[in-house]
Amino acid sequence: MRAKRILGVLSFGHVMTANMSLELVSSAKCFEGEQRVYKHRSNTLNCDMNFGVFLPAAAIEDKTACPVVFFLSGLTCTHENFIQKSGFQQHAAKHGLIVVNPDTSPRGVELPGQDDAYDFGSGAGFYVDAKQEPWSKHYHMYSYVTQELVDIVNANFSVVPGKRGIFGHSMGGHGALICALKNPGLYQSVSAFAPIANPTECPWGKKALAGYISSNESDWAQWDATKLVAEYASTPQELFIDQGLADNFLTAKQLLPENLLAAADSNEHIQTIYKQREGYDHGYFYISTFVGEHIAYHAKLLKA
């Protein structure tokens with residue numbers, strides 16, 4: 001089944017002329033809405049990609065325009081993890097939100113070394129635009145999330161213009177933060193579960209940025225939320241950061257939320273909400289416990 005193709009629609013300052021054709025992979029009724037998975041050819045990534053979309057009942061039955069929230073997953077995940085494990089659908093249905101969640105890297109591109117490690121290559125696109133070969137041929141997850149996927153959603157689903165949020169987990173929390181901070185006005189709400197908040201200073205981030213961007217560390221700052229917060233001087237932005245205190249990656253200094261919070265304290269354009277969850281780790285039991293709070297947060301801002 002193919003969704004309707006719509007071309008030439010204005011989206012956040014540029015006109016869409018790419019192929020917006022979608023193939024419906026699966027659909028299941030869920031909390032009176034539908035959880036769907038679509039496949040499409042990505043011009044940005046030069047490969048086929050899947051993404052999930054939850055449509056609340058109003059968006060299906062009455063074609064009512066709804067706000068949309070994008071969720072970015074973490075290392076090793078596909079689009080399926082969030083769909084199957086988080087339980088977000090009941091909360092999105094309650095608040096009338098469309099929720100879209102892409103994969104975490106290009107797929108099926110057969111690059112040398114892409115499957116050698118869990119934290120680089122397949123399932124670990126880090127939501128950056130790669131500059132180094134061979135990754136620069138396909139690994140443009142930042143542009144995919146902030147441009148192509150936004151265009152596809154605008155063209156194929158009934159969304160409210162200018163009512164868009166973004167959140168994510170771990171690597172995806174990093175992705176959500178940088179996508180918002182680098183594009184003031186594109187997202188009206190931002191939150192993150194246990195984000196990699198200062199990748200230029202942690203092992204995961206250093207490996208990814210050296211491999212995708214450059215061996216020159218001076219080229220990394222534009223992909224680091226803490227650095228972006230320190231320099232942010234645009235429309236005031238609130239960031240909701242959520243962190244489990246039993247997270248082993250927190251104690252291993254992979255996440256470093258304290259650095260982002262310190263940078264935000266020195267910048268009047270950034271406000272933060274920081275919630276610490278006693279006893280919760282880095283996994284999906286943690287996410288499923290608090291995802292309803294995040295959905296409610298986005299709904300409050302997007303429906304204001």
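Predicted model: local features only at pLDDT ≥ 70, side-chain atom pairs only at ≥ 80, totals over all residues.

I started with strand β10, residues 237-244, and found seven of its eight residues buried. Buried here means under 20% relative accessible area, exposed means over 50%, and partly exposed lies in between (1.4 Å probe, protein chains only). Strands are DSSP runs of E with at least two residues, helices are runs of H or I with at least four, and both are numbered from the N terminus.

Residues are numbered from 1 along each chain as its sequence is written, and side-chain values use heavy atoms, with hydrogens and water left out.

Next I looked up the partners of β10. Two strands pair if DSSP finds at least two bridges between them. β9 pairs with β10 in the parallel sense, over three bridges. I picked out S191, whose bridge partner in β10 is F240. β10 also runs parallel to β11 (residues 270-277), and eight bridges join them. There, G244 has R277 of β11 as its bridge partner.

I kept one rule in mind: most residues other than glycine have a negative phi, and most peptide bonds are trans.

A194 is not a glycine, yet its phi is positive, about 40°. I placed A194 in the loop between β9 (189-193) and α6 (203-212). Is A194 buried or exposed? A194 counts as buried because its relative accessibility is 0%.

F31 also has a positive phi, near 50°, and is a residue other than glycine. F31 sits in the loop between β3 (23-30) and β4 (33-42). Its relative accessibility is 49%, so F31 counts as partly exposed.

Then I checked the peptide bonds. The one from E133 to P134 is cis, with omega near -5°. P134 belongs to the loop between β7 (98-102) and α4 (141-156).

**K63**

My last stop was K63, in the loop between α1 (57-61) and β6 (66-72). K63 is exposed, because its relative accessible area is 60%. Which residues does K63 touch, not counting those up to four places away in sequence? I found A58 and S158, with contact meaning heavy atoms within 4.5 Å. I also took a distance from K63 to G175: 30 Å in space, C-alpha to C-alpha, and 112 residues apart in sequence.
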